[in-house]
Amino acid sequence: MTPSSFRDLGNTVRFIADHWFPVDASDWRIALEAMRGTLEIAVFSTLAALVIAVPGSFFAARNWAPARWIYDATRALFNFTRSIPELVLALVFIPTLGLGPMPAVMGLIIHNVGVFGKLLSEVIEATDEGPQDAVKAVGGTRLHVALYGIVPQMAPLVLSHYFYRLEVAIRTSLILGIVGAGGIGQMLFNDFKMFAYEKVTFEVLLIMAMVTGVDYLGALIRKRVK
Amino acid sequence: MAVLGRSGAGKSTLVRCINRLVEPDAGEIVWNGRAITGMNARELRGIRGEIGMVFQHFNLLPRLTVLTNVAAGRFADMPRWRSLTGAFSNEDKARAMAALREVGLEAYAGRRVDDLSGGQKQRVAIARVVMQQPALLLGDEPISSLDAVTAARIMTFIAGLYRERGVTVVLNLHDVAMARAYATRIIGLTDGRITFDGPPDELGEAELRAIYPPDEEDGGETITVEGKKGRNEEDV
């Protein structure tokens, strides 16, 4: 690709200008319903991944892991699950779970366990040792150190990582719509295939609104948890 | 007992070795006839329950309430499920409130520790020690990040624990005047070795110079001389 590859940029502009307008919002009921489906997939799978990864990440944090081999093993597991793209995982689960949202949910959960595991274990490794020393000094167990010395320090960062990964999961579940996961991604893909570009415009706008809304909600919640 | 010495002399390491926050490389630490070195994890937690500790940066549990921070002093004695869930018994809550009353912070029980001033934070840490009722109190520079008035107040309180409740107190201090004013025994550490051990009135100019030797490797002579002067002025 060279700068001259973009000489025909006008083609894209003309394509959008000529075919994507006026916006066709006639399917708005179906689109909103599909959007809810997308949100459900993204929210459920990221929450499930977080629930698994929060305890898991302690074993992958060098300053907390009870033994070096546990640290290595947990980290390797996170690296492994993170390295497989959601799309591949979803495709692999289709023969087991059939078409529909479940393969996408599994793909998102498995991949995000690896992502959260890595991010949160690094958050744990960066926590201030002071409160952990204090818990040890009063005779607390390793679990006390985690709950009282580390978790309170992690909370705000967990939230901000969560909301970012939710945003990514929304985008991913759109792509997973192509392999039959449903939701607004599938709808957009179908309309695109049928050259119904005016409908695609509406769906793109809806997705923008949804991502912005999630970002706004995240900011609101993070502001309250300081 | 106060431990004096230059930065890097090993004061912190010494105090932290006693409850094994730092593992000693060699040697033995014996408290009331029991070797703390060589204890397994469970025994160590038990003995740590009997040893209180205050820190330079207070080391309160962030984002939690003052009351929870004080109640943490008895983690080693509570049933495990209570300490892990934070569902403290009424008796423990009452004790924590009593400890807070002693340091004059009972009105702050429900506040988050993050909102307190440095002096208030160290008083919460002291209340945690009162809650714990230890036989030994360790302090790693407990007054180094406080202003002079607050520092004196904290030292008076700690001295009270020693005098009225017979708590053995071992503190690292970098303030020689404070050590003289409050300690009954002073230990001087230089490069990890004891260079002074005696009551405060035996700590004279020569002894101080032994505890706080000037830098030898530092290049220019002028710097060394000035450094020495500066230290002496500060110390005496």
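Biologist: What share of the contacts in chain B, between residues at least 6 apart in sequence, join residues at least 24 apart?

Modeller: The share is 67%. A contact here means heavy atoms within 4.5 Å. Please keep in mind that this is a predicted model, where local features need pLDDT of at least 70 and side-chain atom pairs count only at pLDDT 80 or more, while totals for chains, interfaces and linings use all residues. Residues are numbered from 1 along each chain as its sequence is written, chains are lettered from A and ligands numbered from 1 in the order in which they are written, and side-chain values use heavy atoms, with hydrogens and water left out.

Biologist: And what is the percentage in chain A, for contacts between residues at least 6 apart in sequence that join residues at least 24 apart?

Modeller: For chain A that percentage is 74%.

Biologist: How do you know how many helices and strands chain B has?

Modeller: We count DSSP runs from the N terminus: a helix is a run of H or I with at least four residues, and a strand is a run of E with at least two. By that count chain B has ten helices and eight strands. Chain A has nine helices and zero strands.

Biologist: What makes the radius of gyration of chain B agree or disagree with a compact globule?

Modeller: The radius is taken over C-alpha atoms, and the globule rule is 2.2 Å times the number of residues to the power 0.38. For 236 residues the rule gives a value near 18 Å, and chain B has 19 Å, so the two agree. Along its principal axes, the C-alpha trace of chain B spans about 65 × 40 × 35 Å.

Biologist: Let's go down to single residues. Why is A31(A) called buried?

Modeller: Buried means under 20% relative accessible area, exposed means over 50%, and partly exposed is in between (1.4 Å probe, protein chains only). A31(A) has 1%, so A31(A) counts as buried. This residue belongs to helix α2, residues 28-59 of chain A.

Biologist: Which residues does A31(A) touch, not counting those up to four places away in sequence?

Modeller: A31(A) touches I184(A), M187(A), F202(A) and L206(A). There is also K199(A), which is 168 residues from A31(A) in sequence, with a C-alpha to C-alpha distance of 9.6 Å.

Biologist: Why does T127(A) count as buried?

Modeller: T127(A) has 10% relative accessibility, and therefore counts as buried. T127(A) sits in the loop between α5 (101-125) and α6 (129-137) of chain A. Its contacts, leaving out residues up to four places away in sequence, are N63(A), Q132(A), I150(A) and Q153(A).

Biologist: What makes R36(A) and E33(A) a salt bridge?

Modeller: A salt bridge needs a side-chain nitrogen of Lys or Arg within 4 Å of a carboxyl oxygen of Asp or Glu. For R36(A) and E33(A) the N to O distance is 3.3 Å, so the pair meets the rule. Both residues lie in helix α2 of chain A, three residues apart, about one turn of the helix.

Biologist: Why is R36(A) called partly exposed?

Modeller: R36(A) has a relative accessibility of 48%, so the label is partly exposed. E33(A) gets that label too, with a relative accessible area of 48%. E33(A), R36(A) and E40(A) are linked in a network of salt bridges.

Biologist: How do you know that R20(B) and E23(B) meet in a salt bridge?

Modeller: Their N to O distance is 3.0 Å. With 12% relative accessible area, R20(B) is buried, whereas E23(B) is partly exposed at 46%.

Biologist: How far apart are the closest N and O atoms of R74(B) and D77(B)?

Modeller: They are 3.4 Å apart, and the two residues form a salt bridge. R74(B) counts as buried because its relative accessibility is 14%, and D77(B) counts as partly exposed because its value is 47%.

Biologist: How many salt bridges does the rule give over all chains?

Modeller: The count comes to 18.
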